Amino acid sequence: MLRPRLSQTPLVAGLVEHECPRCHRAVELPFGALCPSCRAQIERRAGRLAHLVAGVTTAALAVYAMIRMPDDPRVRLMVALAVAVWYVLVRLTVQRAARELLP
Ligand SMILES: [Zn+2]
């Protein structure tokens, strides 16, 4: 049998914010959550930043690989795959970090 709660403080999961903590627009949100427009704005900014960083670093890697690449076609294929994987991994990593860190 559960004991009655001693504290009169409500659980955090039951708290409701009446304004977005980022844009201060009046909405009903779970505690600590952002409004949909703020989340969409952060997601767009994170996507643009990730695309830019991944593009620049992938271009630099591709130029370096073309300078240093031997003539073997199997090596060229592997380098092309590595450059593609680099783009995907950098984009995902930067997007995740930007989503968490952007104000
Ligand atoms: Zn907001």
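User: Which residues coordinate the zinc ion?

Analyst: This is a predicted model. In it, the zinc ion is coordinated by the SG atoms of Cys 20, Cys 23, Cys 35 and Cys 38, at 2.1 to 2.3 Å.

User: Why is the site of the zinc ion called tetrahedral?

Analyst: The angles among the four donor atoms are 104 to 116°. Four donors count as tetrahedral if all angles lie between 85 and 135 degrees. The angles of 104 to 116° fall in that range, so the site of the zinc ion is tetrahedral. The ideal angle for four tetrahedral donors is 109.5 degrees.

User: How are the donor residues spaced in sequence?

Analyst: The spacing of the zinc ion's donor residues is C-x2-C-x11-C-x2-C.

User: Where does His 24 lie, between which strands?

Analyst: His 24 lies in the loop between β1 (16-19) and β2 (26-30). His 24 has a positive phi of about 60°, although it is not a glycine.

User: What elements make up the chain, and in which order do they run?

Analyst: The chain has two helices and two strands. From the N terminus on, the order is β-β-α-α. Of the 103 residues in the chain, 17% are buried.

User: Why is α1 described as roughly antiparallel to α2?

Analyst: Two packed helices are described by the angle between their axes and the distance between the axes. The axes of α1 and helix α2 (residues 73-101) come within 8 Å and cross at roughly 150°. Angles over 145 degrees count as roughly antiparallel, which makes α1 roughly antiparallel to α2. The contact of α1 with α2 has 16 nonpolar, six polar and three charged residues. The crossing in which α1 passes α2 is right-handed.

User: What makes Ala 65 a buried residue?

Analyst: Ala 65 has a relative accessible area of 12%. Buried means under 20%, so Ala 65 is buried. Ala 65 is found in helix α1 (residues 36-68). Its C-alpha atom and that of Val 83, 18 residues apart along the chain, are separated by 8.6 Å.

User: Why is Val 53 called partly exposed?

Analyst: Val 53, in helix α1, has a relative accessible area of 29%. Partly exposed covers the values between the buried cut-off of 20% and the exposed cut-off of 50%, so Val 53 is partly exposed. Val 53 and Gln 95 are 42 residues apart in sequence, with 9.5 Å between their C-alpha atoms.

User: How do you know whether Gln 95 is buried or exposed?

Analyst: Gln 95 is found in helix α2. Its relative accessible area is 15%. That is under 20%, so Gln 95 is buried. From C-alpha to C-alpha, Gln 95 and Ala 46 are 5.1 Å apart in space, and 49 residues apart in sequence.

User: What about Val 94: buried or exposed, and why?

Analyst: Val 94 has its place in helix α2. With a relative accessible area of 19%, Val 94 is under the 20% cut-off and therefore buried. The C-alpha atoms of Val 94 and Ala 50 are separated by 5.1 Å, while the two residues are 44 residues apart along the chain.

Notes:
Residues are numbered from 1 along each chain as its sequence is written. This is a predicted model: local features need pLDDT of at least 70, side-chain atom pairs count only at pLDDT 80 or more; totals for chains, interfaces and linings use all residues. Side-chain values use heavy atoms; hydrogens and water are left out. Helices (H or I, at least four residues) and strands (E, at least two) are DSSP runs, numbered from the N terminus. Buried means under 20% relative accessible area, exposed over 50%, partly exposed in between (1.4 Å probe, protein chains only). Donors are N, O and S atoms within 2.8 Å of the metal (3.2 Å for Na, K and Ca); water is not among the atoms, so sites may look incomplete. Four donors count as tetrahedral if all angles lie between 85 and 135 degrees; four count as square planar and six as octahedral if opposite donors are over 155 degrees apart and all others between 65 and 115; anything else is irregular. Axes are lines fitted to C-alpha atoms, for helices over the stretch in contact, and angles run from 0 to 180 degrees between N-to-C directions. Angles under 35 degrees count as roughly parallel, over 145 as roughly antiparallel, 65 to 115 as roughly perpendicular and the rest as oblique. A crossing is left-handed if the near helix is turned anticlockwise from the far one by less than a right angle, and right-handed if clockwise. Ala, Val, Leu, Ile, Met, Phe, Trp, Tyr, Cys and Pro count as nonpolar, Asp, Glu, Lys and Arg as charged, and the others, Gly among them, as polar.
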